[in-house]
Each structure stands twice: as structure tokens, then as C-alpha cells.
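Please look over the sequence and structure shown here, and then read the short report that follows.

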Amino acid sequence: MDAPLRAAMDFPILSVIVLLPAVGGLMVLALPRRRGELVLPVALALSLITLGAACWLLASFETGVAGFQFEEQVIWYEPWGVSYHLGVDGISLLMVLLTAFLFPIALLASTSITTRVRGYFASMLFLEAGILGVFVALDLLVFFAFWEVMLVPMYFIIGIWGGERRIYAALKFFLFTALGSALMLAGILALALTAGDQLGRPTFDFVELLGVDLGRAAQFWLFGAFALSFGIKVPVFPLHTWLPDAHVEAPTAGSVILAGVLLKMGAYGLIRFNLTLFPEATVDLVPLLAVLAVIGIIYGAVVATVQKDIKRLVAYSSVSHLGFVVLGIFALTSQGLQGGVIQMVNHGLTTGALFLLVGMIYERRHTRQIADYGGLATVMPLFAGAFLFVSLASIGLPPLNGFVGEFLVLLGSYLSLPGYAVAASLGVVLAAVYLLWAYQRMFTGPITVEANRGLADLGFREVALLAPIVALVLFLGIFPKPALDRVEPAVQGILDRIEMTTDYQVPQFGIEADLPEAEARP
Amino acid sequence: MTVNQFLILGALLFSLGVYGVLVRRNAVAVLLSIELMLAAVNINLVAFGSLLGDTLHTGHIFALFVITVAAAEVGIGLAIVILIFRNRSSANVDELDLMKW
Amino acid sequence: MNGSLTFLSVAPEIALAAAVVLLLLVEVTFKPRAWAWAVVAGAGLAAGTALSAWQWVAHRGADTGTFWNGMIAVDGFAALAGLLVFPLAGLGLMSAWRLAASQGRRGAEFIALVLLAAAGAHLMAAAADFIMLFIGLEVFSLSLYVLAGFTRERVDADEASLKYFLLGAFASAVFLYGVALVFAATGSTTFYGDGGIADYLAGTVIFRPGVLLAGLALLLVGLAFKVSAAPFHVWAPDVYQGAPGGVTGFLAAAAKVAGFAALARVLTAVLGARADDWVPAVAVLAAASVVVGTLLAIVQDDVKRLLAYSSVAHAGFILTALVAGRGGVGDMWFYLATYAVQVLGAFTVAAAVSGDRAGRSPLAHWAGLGRRAPWLAAAMTLMLLAMAGIPLTAGFAGKVAVFRAAIDAGYLWLVIVAVLATVAGLFFYLRVIVAMYLASPEEGASLPASPAVGWGARFVLAVAAAATLVFGIAPWPLLEVLRDALPL
């Protein structure tokens, strides 16, 4: 490593990335009330600087290296073993980029917010800081702090600037998430103190905890506590009921962030903590999680099909898509995990774009009922084109990004869980059904409702919002290698650890999957 | 004489006091019941003080403190009861239900 | 133990008592304006704080002792209690200043009672003998009974005062009976030294173990009443709701601090040798408090009553630290100190919203506060989030501290109960936030006049907000310091 690069490594880039939006939030709050026109530019500028910093992070990230990079560690409180420990690997790098990428777009899509503008943009920026913190924290207590703190701005975003039933949706969102995270807190404390028994001092440090042998029973309990929290966030099938309400009631930008980034925190947590800290429990509980994932895929898709409200449809499609992510994760194969991570990014982009599009049409007509539209393609050709493009990406049509993720997930899960993979592939078909059917009802044919006749097509700002997402969708679909190259070592590290600590063997093509059983035979 | 007699007397008085606090409705009667409980405490303290042959006479001194403080307590208590009586012409605890229990 | 030290050991109480006497004398002699009260009270509290600080510097850690034949302890524990209680009383006075000033000549009595309560609270923490503990308890409690009914023409306040008095006196009697039984079992009322209770219990042979256990149980019940731990909490909601708005903050904060100071010393230092007997009981009390407090808070429609039930739950959280025995005392102090400030801040806002003489503060008064008084609403939000235990507030650090202590002591079940209660607790804290920000005032609802906030209350809120944030982001220095605040 040459000197300039090392100097660059010493620069606390991760802290800066986390702090920039928070500083932006404070700046927005400090703006005088009568200079309301400055709020959006300031907020946007700070989020763009954050994006710039994240890009710099991407540029100086060393590809092909396992383990964490850009680590920062400051001992915070010795007796508890708490340290301010940040770091990124390939997985968190992608999540940081996704977050930093979606936030400027979400902010720019918030021009319809007219009440308490400062509070809104400040909340969004604090939310960004919290989410970024979740993705880079390597100390469990710090992770938890970010995880929980991020709830507060999101609660206000849904509750103050949301739709009709915003208070109900905000409370439901908050309580569901808080229930999970409270159990996780108990789990984190128990984990740290169990580690304390072995190391002689408690520690919340993720990297140190990897070296602690927890024992089977403890792993199960802790896996449960963590998985419940993350499962609510993802959401895994029976825990998803908060999601449609929150998505539908949140303002457009809130939905974009909720679907684009917040749900990813759950999946990220499963990969980062459950798979690595509790490998034995993971291996044993694969069937349960896989079943729930497949149920989620099918259930989400079926329920999405019958929705009359386009925003609800997109919300339920999230349940289905996140099912793919969970299936990929718990396939415990290199392809599955990589696919899961890529699918997280894809879903963030495509569903984010879908919510943006729904928001744009809602601003024009103030209805989200599919039945109120029809034949829009004749008056809004650009909008229809964008909707079709994003839908196709979401369905997983090659060469768009959704294809890469879903293909890898199905491939990976076919290796270890062939039955589930076959069932899950039904979800791909259903995705085509509900999205294309919705497209057909809204955009094709003659105009059925007179009020739609005078609708304006996308303006310059709206095109500018969608263009970067469309570009990225195409890029990741045609050339996913840069992303995969960065994820691969991290994924391999996780699988190696599972292989090392349990008797599980990662199946690969050309090698019999059930080797341990074969050996056991006389 | 054994100490048990005093213990039992104390326990009886104390129980009587607790019973009074729980069932009497007049605030003054409740106050009296609390005084009964304090009397039980004093009996216990003095009895054990002399049984243990404590040269510092801790038990006796404590009893004196209890009596003094109890007097102060009754002073405050009666003042509050009078206040209530003036405002509502009643000192019945059951009628103190502006706020639900 | 030289002579000057003997008097210095009770110097904080002397300073406070002198201030009280001076205040009342000056009042009847010169009939001065209200600012003169503030000067005298401020001087008394400042002197008390300074003397406690001196005790802290000189006597924490190893160099501790008891004075006056083992009546008063001078140690980190007592000194810290002073450092907490006296500034808290000062903040409480500032928060209630408009109320005190509006009472005409009786304002001086109000201030004198607050000072007396502070002196009693410190005595409870510093007592090294049950006689002193009893006197501290009574000085403290009697002052609060009167304060709770200070606006005597209001029926709510009378009712609060009488209920507080009757149940408080009952609890004192139960406590005393417990003391008498412990005295019977151990032959002493002194905590420390040769022949003291701790010394006796550390021995191998215990005569009359049954009497000792009964005494221990009654002691615990009596003190649980004072800290409003369930199932001995019934007075708290009525008293908090009925007491004048300006008083409730100090009443709630000081009662918790004083009660837990006494409880912690009695349990961990005096009865430390019998920990196996009382730890399970404390754990049950803690679990009952968090559950009962949380569940009953959910159904309340009055913010002051809601905060009262939440204080029952918080009593449970603080008790959670005590199951770790001596190891949890520092964590208890942290939770107690940060919670006291939060609850004082929250009731200060309530007094501003519903009026500092009013008892009730229905949720309807809070509708749309975010628009009417954004700063008040922001302060209240911060306090509520801290009480709910959201990270980056002191409430979160406190919760982690007490949970860690309890898990360390092997009480994982208690922590899980507490954690679930924390989640349920979010529900009612959020209700208030919803009312402030998300709900708009009902049509035609009669709201109190727009919130008027005095400078004293503003200062209190600023301090509370700053402390909540600072100790939320960097709790470690305080935690480190509080590890020295152990009883002898």
C-alpha cells in the first residue's frame, strides 16, 4: 500500500459520511423561518456531498479483499467493552452507496411537501445519517443506537407528512420495529456478557465477538432475538403487516426510502450478524427461514395481484421481492448470497423508482386507484415508458438489473434447496402478472376517465429524478461485475466461517451437496 | 416475663392499625389507626431494648423519636383533614374520588 | 475523626436548615420582594451543594467514615446524593417559581418546604442509623405532603395531599415496624461499625432469623411505597395528578432520588450479607413495577397521570439495577440522576401547558402544541424519547446500564420483561407526541391560555435537555464517576 493511499485510509471517511447528513439536518433547522426557499438546496447539497464521499469510498475500496476496510475504532467505555467501531466490507459498501444515491433523489422528489418544510428535510437528513450509521457500525451497541434512533425521524415523516391514516401507520411501524429491536437489545446485552465470561471482559465489538464460541443453546436464543428484529424489518412473511400501511401512508419520498433502504437494513442485519455470529443456529434453521421466504414470495405476489390501489400493489411486491433476498441469504451458497445482496440493491432501485412514479401520478390526480386510470399511454407517453421500463426491471427481464439478482438467487438456492427454488420461481411469473396487468389497466387502451385527458407528461425535474435510476438499472443489468466483485470476498468470508464452525459444506456445482451424509455411510 | 408477650401485643396492635387503615372511612379514624401502628412499633422497640440490655438504650431513644415525629405527623395530618373538611364539608375518604384510584 | 469533621459531616443539612430559618425570619421581619427569597434559597442550596462537593472530593472511595456515634455516614454515596438533590431542588424551585411567586406571602413557606424536603432527602441518603433514616424520611415526607396540597383552595390538591399523607404515614409505620423487628433480630439500629447491623449479619450465627426476615420484608414494603414501586404505587397517580403543576416535577424527582438512595444503602450495604433473601423479592418488585406501570399508563388520558404511571415503571427499571447488589449501585445512580432530570423537565412542560396551579393536564390540552409552542413541544419530545429509552438520549444509556447490571447478576428473565415493557411503553410516550405534533385541537375545545413559560422554567428545560443529550451521547464519564458513589 503506497503512502498516499494509507493516508487516505486514516482519514475517518466513514464518520464523515455518517455525520454529513446530520450536519445538514442541523443546518436546515438553523435556517431562518422566512428563508424557506433555501431549505431544499441546502438539504440537497449536503446529501449530494454525502453521495460524493460515498463515491470516493467506492473508488478507494480495495476489490477482492475480504474483511473490513476503512476501519475506525475509538475505545468508548472500557468496562463495558464499547467502542466506536466503524468499517465497511463489500456488502455494506453497496448499501452505503444505495443509501447515498437514493436520498438526493428522494429529497428532490419532495417538492410537494409544503407544511413544516424545515422539519421535513431535517428529518430526512437525520434519517439518512441513521441509516448510514447502521450500515457501517461494527460495534453492536453503536449499531443498535443507530438502528433505533433512525426510527424517530421515520416515525415523524410518516406521521406528520403522510396520508389519511398516517397516525395509525406511523404507530404501527414504530411499535413493530421497536418490539423487534427491544428483543435484539436484550440479545445484544446477553451476547456481550456471554462473551465477557469467555474473554474476561464484556465486549460489544463485532469483530471480537466472531472469536467467541457461544454454544448451541445460546446461539438459538440469540439467533431468535436478532432474527425477529431483522425479520420484522425485512419483512419476513408473518411479520410484514406493518409494511403495506406504512408504505401507503408515507409521503412519496418516505416510501422511496422505506422500500429502497430501510427494508435492506433487515436483510443486511441477517447477513452481517445472524449468519456470522450464530452459524450453527443458522444452519439448523435454514428450513424454517426458507419456508417463510417462499411463503413471502408467493403470498406477496398473490396479494399484490388483487390490489386495487397501485401504491399498495407496489408495497406488497416488496414483500415478494424481499422474500427472494431472504431465500438467497439462507440458501447459504455463494451464488445465493451474492444474488441476495445484488437483489437488495436492485429492489432498492426499481421499487424506489416505482414509488416515485406512483407519487408523480398521484400528485396529478390525487388518486391511487388503478380503476381511475386507463389509457394513460396516449397522454403521458414518457411516463408510461418509464413505468414499463421499471416494471420490467422489477420483474427480472434480462438485460435489466432484476434479472441478475433473481437469477443468482434461484441458482444459489437450487444448489442447496432445490424444491424451494422451484416454488420461488413461481414468484417471478406472478411478478410479471401483477405488474404487467397493472400496466395494462392503467396505460393501454382508450382513455376511460375524462379527468385523465388533460394530464401533463413528465416535466424536466421528474425526468431528471428518474434518469439516474434508469441508467443504473441498465448498467447493473448489463455489467454487474463491478458490484459482484466487491460482494464476492465478503460473501466468501461469511461462508468460510460457517464451514469452519459447523459441519455444513457449501454446495457447489459439480460437487455432491450432501457430502457429510455420504461419509457417514459405512 | 418473656419477650413473646410484647411481640404478640405489638403484632396485634399493628394488625389492628392496618385493619383500621383499610376499612375505616373517616380520615381522622384512619389517622388514629396509623397512630395505633406506631404504638405497636414503640412497644416492640422498648420491649426489645430492655430485653437486649442495650447500654446505649437505643430502643428507648428510638421510641422517643417515634413519638415526637408522630406528633408532628398528626399535626400535619389534622391540618390537611381540616382543609378537606372546609372545602367539601366531609372527611370521608370514600368521597375523595375526584381522581379515580 | 476530629471535631471539625464531626460538624462538617452534617454541614449540608445545617446549611439548608439555616437557610430555612433565615428565609422565614426575613420574611416576617422585612416582608421583602420575591427576589430576596430566591437569594436566600439559592445561597442555602449553593452552600449545600458546595459542601457535598467537598465531601465528595475528600471522602469518596477509601477515606470514608461514620460520625456522631455512627449516626451519619460520610461517603461517596451520601456526597453524591447531595450533589444530586440540592441542584435538583434548585431546579425544582425555578420550575415552580411562578407558582411560588403567585402565592403572595405564602411563597416563602413554599420555598422553605422545598429546602426542608431537600435536607430530608439528603439525610435519608447519608443516614447510617435507622433513627436518622426515619427522621430524614419524615422531614422529607412531611414537607412533600404539604407541598402536594399547597394550592389549598383547589379540591384536587387537597385530595392529593390527603391521599399522599395517609398512604405515606401508613408506609412510614410499616417501615418502622420493620425497623423494630430488625432491631429485635440484630440488637442494633446502627448500620456500620462493631455491633452494627452489617457487622452482625456478616457473622455466621443469626438468632431469630424469622424475625429478621419479617423485618426485612416490612422494610422493603415501606421503602417500596416511597419509591412507588408496584404493588405499592396506588398513591402516585392521584398525587401526581392532583398536586399543583409546578410542584409535581420536584415531588416526583425528589421522591425517587431520596427513596432509592435510602433503599440502596439499606439493601446493598446494610443487608448485603443477606442478599440471597432480598434480591428475589426486589426482582419481583421490579418486574411488577415495569409491567403494572406500563400497562396502566397506556390507558391514561391525562398526561400528568400518564407520567405518574410511567414513573412506576421507571421505579421498576431502577430496581432492576439493584438486583445486582453493590455492583449495580453506580448504574442505579446513573438511571436515577438522568430520570430525575427528565421527569422534572416533563412536569415543567406540563405545568406550562396546563397551568402551574392546575392539577390535571388532559391530553386535549396538548393537541397541536407543536404549532402553538414549538420549543416546549420539542423539549417535551426529547424528555419523552429519553424516558422511552431511545438511543442518543440519557434514557437509553441508563436502560443499557441497568439491564447490563441485571444480566450480569443472572436475571435475564427480568431484563426480558423490562425490555418488553419498554416497547409497550413507547406506545404511551408516542401518544403524547402524536397529540403534540400530529393531532390538531378539536373544534371548540377550550384550551388553556397559550403556554406561558417563566425564565426559571426555561432554564430548567434547557438544563434538562442538555443533560439528556450530553449524557446520552457520552454517558461514560458520568458512569465512571458514579462507580465511586458507593455506600460504605
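Chain C holds 21 helices and two strands, where helices (H or I, at least four residues) and strands (E, at least two) are DSSP runs numbered from the N terminus. This is a predicted model, in which local features need pLDDT of at least 70, side-chain atom pairs count only at pLDDT 80 or more, and totals for chains, interfaces and linings use all residues. Residues are numbered from 1 along each chain as its sequence is written, while chains are lettered from A and ligands numbered from 1 in the order in which they are written.

| Property of chain C | Value |
|---|---|
| Span of the C-alpha trace along its principal axes | about 70 × 60 × 40 Å |
| Buried share of the 488 residues | 69% |

A residue counts as buried if 20 or more other C-beta atoms, placed from the backbone, lie within 10 Å of its own.

Turning to the interface, 23 residues of chain A are in contact with 23 residues of chain C, contact meaning that the C-beta atoms of two residues, placed from the backbone, lie within 7 Å. On the side of chain A that touches chain C, two or more residues each come from β1 (69–77), α6 (140–149), α7 (151–161) and α8 (166–199) of chain A, and α8(A) gives the most, with 13 residues.

As for confidence, pLDDT is the predictor's confidence in each residue, from 0 to 100; chain A averages a pLDDT of 86, and 96% of the residues score at least 70.

Notes
Buried ≥ 20, exposed ≤ 12 C-beta atoms within 10 Å, placed from the backbone.
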